[in-house]
Amino acid sequence: MKAEIIEKYFPELTEKQLGQYEMLDELYRDWNAKINVISRKDIDNLYEHHVLHSLAIARMLRFKPGTCILDFGTGGGFPGIPLAIMFPECHFKLIDGTGKKIRVAQEVAKAIGLENCEPCHLRGEDEKGRYDFIVSRAVMPLPDLERIVRKNISKESHNALPNGIICLKGGTLDTELQPFRKIVETEDISQWFNEEWFKEKYVIYLPL
């Protein structure tokens, strides 16, 4: 079972959710052969490097039902699609400026019956909606991301953490996080997932 690494860390998943995670392998392999959204060398690591990595955000915060999340620069659907499977009672909008990548996210979401996920071909500067959280995966430096999405953060918070940005990053982050050093939270993903690949990978939370 290819998705067993997901079940290992999230044993509470329903059969429907496990089935949706299972379907991702064949779908992304098929689409990746047509439109390169994941490095060809990395497609065999889909579950560890892409799906489970995306779900580190679910370790930082369990979104309450009704939460609205914007996935900024989703590419082929990460972290948005794995998170939308994990939180079926939340709404996810996935945006990216590259149309062919968004098409992959649209087709994958449709194929697995993901009804709480809306992939759109849109640049972040043009997104007008309000959201509880903005999520992203190594799209751009945090100060640049914060400048673009500050307008999209809803004023009222409903979750255990105040509304803001939750992003996945790797490597040395001191310079990037310097402007926010008094308020930013950094969590080491390797405290949750013990695979070697997660060393020096982080979830960054910036309240806005």
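**Phe 180 is buried, at a relative accessible area of 11%.** Buried means under 20% relative accessible area, exposed over 50%, and partly exposed in between, with a 1.4 Å probe and protein chains only. The model is predicted: local features need pLDDT of at least 70 and side-chain atom pairs count only at pLDDT 80 or more, while totals for chains, interfaces and linings use all residues. Residues are numbered from 1 along each chain as its sequence is written, and side-chain values use heavy atoms, with hydrogens and water left out. Phe 180 sits in the loop between helix H7 (174-177) and strand E6; helices (H or I, at least four residues) and strands (E, at least two) are DSSP runs, numbered from the N terminus. Not counting residues up to four places away in sequence, Phe 180 touches Leu 142, Pro 143, Glu 146 and Leu 206, where contact means heavy atoms within 4.5 Å.

**Arg 137 is buried and has no salt bridge.** A salt bridge is a side-chain nitrogen of Lys or Arg within 4 Å of a carboxyl oxygen of Asp or Glu. The nearest side chain of opposite charge belongs to Asp 42, 6.9 Å away; Lys and Arg count as positive, Asp and Glu as negative, and His and the chain ends are not counted. Arg 137 belongs to strand E4 (residues 133-137). Its side chain makes a polar contact of 3.3 Å with the side chain of His 53. A polar contact is a pair of N or O atoms within 3.5 Å; within protein, one must be able to donate a hydrogen and the other to accept it, and residues adjacent in sequence count only if both atoms are side-chain atoms. Beyond its neighbours within four places in sequence, Arg 137 is in contact with residues including His 49, His 50, Phe 78 and Leu 168.

**The largest nonpolar core has 56 residues.** Helix H3 (residues 46-60) supplies the largest share of this core, nine residues. Apart from this core lies another, of 20 residues, among them Ile 148, Cys 167, Ile 204 and Leu 206. A nonpolar core is a set of buried Ala, Val, Leu, Ile, Met, Phe, Trp, Tyr and Cys residues joined through side-chain atoms within 4.5 Å. The residues with the most contacts inside the largest core are Ile 6, Leu 24, Tyr 28, Phe 63 and Ile 81. With residues up to four places away in sequence set aside, Phe 63 touches Ile 57, Ile 69, Phe 87, Cys 90, Phe 92, Phe 133, Val 135, Asn 159 and Ile 166.

**The structure holds eight aromatic pairs.** In the pair of Phe 10 and Phe 193, the ring centres are 6.4 Å apart and the planes stand at 65°, so this pair is edge-to-face. Rings of Phe, Tyr and Trp (its six-membered ring) pair if their centres lie within 6.5 Å; planes under 30 degrees apart count as stacked, over 60 as edge-to-face and the rest as tilted. Phe 10 lies in the loop between helix H1 (4-9) and helix H2 (15-34), and Phe 193 in the loop between strand E6 (185-188) and strand E7 (201-207), so the pair ties together parts 183 residues apart in sequence. Phe 10 and Phe 193 are both buried. Another aromatic pair, Phe 63 with Phe 133, is tilted, at 5.6 Å centre to centre and 50° between the planes. Phe 63 is in the loop between H3 and strand E1 (68-72) and Phe 133 is in strand E4, so this pair links parts 70 residues apart in sequence. Phe 63 and Phe 133 are also both buried. Tyr 9, Phe 10, Phe 193, Trp 197 and Phe 198 make up one aromatic cluster.

**The whole structure has 11 salt bridges.** In one of them, Glu 127 pairs with Lys 93, with the closest N and O atoms 2.9 Å apart. Glu 127 lies in the loop between strand E3 (117-121) and E4, and Lys 93 in strand E2 (residues 91-96), so the pair ties together parts 34 residues apart in sequence. Both Glu 127 and Lys 93 are buried. Another salt bridge joins Asp 144 and Arg 147, at 3.1 Å between the closest N and O atoms. Asp 144 and Arg 147 are three residues apart in helix H6 (residues 142-149), about one turn of the helix. Asp 144 is partly exposed at 27%, whereas Arg 147 is exposed at 59% relative accessibility.
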